[in-house]
Amino acid sequence: MRLLLLLSAVGLCWAQYDPHTQYGRTSIVHLFEWRWVDIALECERYLAPRGFGGVQVSPPNENIIITNPFRPWWERYQPISYKICSRSGSEDEFRNMVTRCNNVGVRIYVDAVINHMCGEGNGAGTNSICGSYYNSHNREFPAVPYSGWDFNDGKCKTGSGGIESYNDAAQVRDCRLTGLLDLALEKDYVRTKIADYMNHLIDIGVAGFRLDAAKHMWPGDIKAVLDKLHNLNTKWFSAGSRPFIFQEVIDLGGEAITSSEYFGNGRVTEFKYGAKLGTVIRRWNGEKMAYLKNWGEGWGFVPTDRALVFVDNHDNQRGHGAGGASILTFWDARMYKMAVGFMLAHPYGFTRVMSSYRWDRNFQNGKDVNDWIGPPNNNGATKEVTINPDTTCGNGWVCEHRWRQIRNMVAFRNVANGQPFANWWDNGSNQVAFGRGNKAFIVFNNDDWSLSTTLQTGLPAGTYCDVISGDKIDGYCTGIKVYVGGDGKAQFSISNSAEDPFIAIHVDAKL
């Protein structure tokens, strides 16, 4: 009996690191600023058939409406209430999406903004998505309700009331982040209000949460909220399942707060991952792909079972957040596909793919002054995600997750799941290759000269379709074919001027 109790306790402690994706599905996608009706459709028509495990959605709760600048993406990070009511849709549309996505085995993870409410300079009124009243000067949010008692104004020790030094952990957690009203998460009333909101979403059927600005909350306060959460809905999840938690902790080193302080609560976002990988793929600072042989913890990253990894996210693709100029995005499509391909082939971390929208960039003194622009819209109403005949997206939506090279690498990761990192090869420069056990193999040429060599793939003999240049359709390859001999070896040739200078094969792409 004691052993059973111990095992159940161990199970509980590990639960928040498990994304609860359906068996064999290993990656999620962030459908940034999509409407709930479009996500429901995408789960059914594309994500489930292509093996995606889940979707990170934009904050679903009511926020302030910002009109100067006009309806920026970041207005969704300025809550007014915990009503499920946003420019992505109503609570009924949200419920419908969660049900339809879960029914096809695609999980929903909510971006939870629980550190703060709107900015203190927003005045008073009902200029919010559902018309709830607020008074930011008086700290009044009656739709929750919160009052002046529920904020950290008295606890913050800086003259401005805002964060002035990231070398002071107390400031980072008790003072206002860019003027946003900082909630007093040490108070049980505030913890309960937040937990009520999250429990409402859990009961609807969400599988977990991204905790926005987790670094700006004390780990113990987060734990106190998480301890109040319900188990997941047994309509779709096994009894006793706990919500998957991944915390936004920007830790590039050299600050007072470290990612490891948050491991007890769940996974953390490993921001060093995209910043370093971008530097390597861009070949900056003397970095080479050959150095990726010990990628992961060997590069100073958090342990693989605590990491949520990504090449770019909604913040740093705009130059916000962390990572700086090295971050690769859809604007750098050729290098970006290589970076995402590498991420999805490599076993480290739990992977999230980005899906973006376009905006008109305008660089002044090295900064994009249009980095605030919100999703494609008609006078503030978010546009439908339309699908073109070639399966790409229209209406200003980029849909990187639908790019053949990326969606086929999502499938590659599913096939390779649980297989060891194997058969590494490099030329000492920027041509590298590696396999995943006897299931999958990938080769990159990021040098300024062609690659032509015979490599040990570890795969069974046969003819394979390269899933980067094409697909396997009805027993035929639409792209490059790779012949693996009885000794597991294959000949690879990749021109340095190829549209996509990498090749990937796996056992499900064998003729």
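Predicted model: local features only at pLDDT ≥ 70, side-chain atom pairs only at ≥ 80, totals over all residues.
The protein has 9 helices and 28 strands, and its C-alpha atoms fill a box of roughly 75 × 65 × 45 Å along the principal axes. A compact globule of 511 residues would have a radius of gyration near 24 Å, and the protein, with 23 Å, agrees with that. Buried residues account for 58% of the 511 residues, and of the contacts between residues at least 6 apart in sequence, 69% join residues that are at least 24 apart. The accessible surface comes to about 19,000 Å², with 50% of it belonging to carbon and sulfur atoms. As for charge, there are 52 positive and 53 negative side chains, and the centres of these two sets lie 4 Å apart.

Let me turn to helix α6, residues 219-226, where 6 of the 8 residues are buried, so the helix is largely enclosed by the rest of the structure. The buried ones are Pro-219, Asp-221, Ile-222, Ala-224, Val-225 and Leu-226, and you will notice that an aspartate is included in that list. What do these buried residues pack against? Their partners are the helices α4 (169-174) and α5 (188-204), together with the strands β10 and β11.

Which strands pair with β21? One is β20, residues 431-436, which runs antiparallel to β21 over 6 bridges and places Ala-433 opposite Val-443. These two strands form a hairpin with 3 residues between them, and in the turn Gly-437 has a positive phi of about 55 degrees. The other is β28, residues 502-506, which pairs with β21 in the antiparallel sense over 5 bridges, and there His-506 is the bridge partner of Ala-440.

Finally, let me set two single residues side by side. Ala-339 lies in helix α8 and, at 0% relative accessibility, counts as buried. Leaving aside neighbours within four places in sequence, Ala-339 is in contact with Leu-277, Ile-281, Val-311 and Leu-328. Ala-339 and Val-432 are 93 residues apart in sequence, yet 13 Å apart in space from C-alpha to C-alpha.

Is Asp-332 buried or partly exposed? This residue, in the loop between β13 (307-309) and α8 (333-345), has 22% relative accessibility and therefore counts as partly exposed, given that buried means under 20%. Not counting residues up to four places away in sequence, Asp-332 touches Arg-282 and Ile-327, while Leu-511, which is 179 residues away in sequence, lies 33 Å from Asp-332, C-alpha to C-alpha.

Key: Residues numbered from 1 in each chain as written. Heavy atoms only, no water. Helix = DSSP H or I, 4+ residues; strand = E, 2+ residues; numbered from the N terminus. Rg over C-alpha atoms; globule rule 2.2 N^0.38 Å. Buried < 20%, exposed > 50% of the residue type's maximum accessible area, 1.4 Å probe, protein only. Contact = heavy atoms within 4.5 Å. Areas by Shrake-Rupley, 256 points an atom, 1.4 Å probe, with all protein chains shown as cover. Lys, Arg positive; Asp, Glu negative; His and termini not counted. Charge placed at Lys NZ, Arg CZ, Asp CG, Glu CD. Pairing = 2+ DSSP bridges.
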